[in-house]
Amino acid sequence: MEIKWYLVVAVFGLILGAVSLSIQMYTLVKLDAESRGMEKPKWWGALTLAGSNSSGLLMYLLLRKKDIIPDGKYKEQILACKKKAGVSLAFICVFVILTMIASIYQIGSGAEDIIKNSINSN
């Protein structure tokens with residue numbers, strides 16, 4: 001059974017969306033840490049990317065300075081980054097659905113080939 005082009009495109013779109021969301025999360029946390037005056041904002045941004053269960057993001061949210069609210073300069077950048085992250089998340093959702101549909105179609109066409117071959121061999 002050969003892999004069809006639409007399955008490759010769907011998986012590539014899914015990976016592209018995941019990378020885009022990761023970049024947006026890094027940027028969002030870095031900007032938030034800078035606006036709150038925390039040391040090493042790039043480190044905090046990188047920490048959010050580490051760990052598959054979002055433990056870095058959870059640690060940042062628990063340890064950040066809560067009494068400081070981002071000012072106008074950072075607020076606009078953070079809002080723009082949130083919108084981009086939302087678009088990335090929507091992109092991922094669409095391509096998860098497309099990947100599932102393409103996989104089901106791929107499996108269905110493979111089963112059809114097996115049935116045809118078994119009928120032709122008899």
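Colleague: What makes the largest nonpolar core a core, and which residues are in it?

Modeller: In this predicted model, the largest nonpolar core has 6 residues: V29, A33, M38, W44, L47 and Y60. A second, separate core of 5 residues includes L28, L31, Y74 and C81.

Colleague: What is M38 in contact with, beyond its neighbours within four places in sequence?

Modeller: M38 is in contact with A33, W44, Y60, L63, R64 and K65.

Colleague: Why is the pair of W5 and Y6 called edge-to-face?

Modeller: Their planes stand at 75°. W5, Y6 and Y105 form one aromatic cluster.

Colleague: How do you know whether W5 is buried or exposed?

Modeller: Its relative accessible area is 64%. Exposed means over 50%, so W5 is exposed.

Colleague: What makes the pair of F91 and F95 tilted?

Modeller: The angle between the planes is 50°. That lies between the limits of 30 and 60 degrees, so the pair is tilted. Both residues lie in helix α4, 4 residues apart, about one turn of the helix.

Colleague: Why is F95 called buried, but F91 partly exposed?

Modeller: F95 has 16% relative accessibility, under the 20% limit, so F95 is buried. F91 has 32%, between 20% and 50%, so F91 is partly exposed.

Methods:
Residues numbered from 1 in each chain as written. Predicted model: local features only at pLDDT ≥ 70, side-chain atom pairs only at ≥ 80, totals over all residues. Heavy atoms only, no water. Core = buried A, V, L, I, M, F, W, Y, C linked by side-chain atoms within 4.5 Å. Buried < 20%, exposed > 50% of the residue type's maximum accessible area, 1.4 Å probe, protein only. Contact = heavy atoms within 4.5 Å. Phe/Tyr/Trp six-rings, centres within 6.5 Å; stacked < 30°, edge-to-face > 60°. Helix = DSSP H or I, 4+ residues; strand = E, 2+ residues; numbered from the N terminus.
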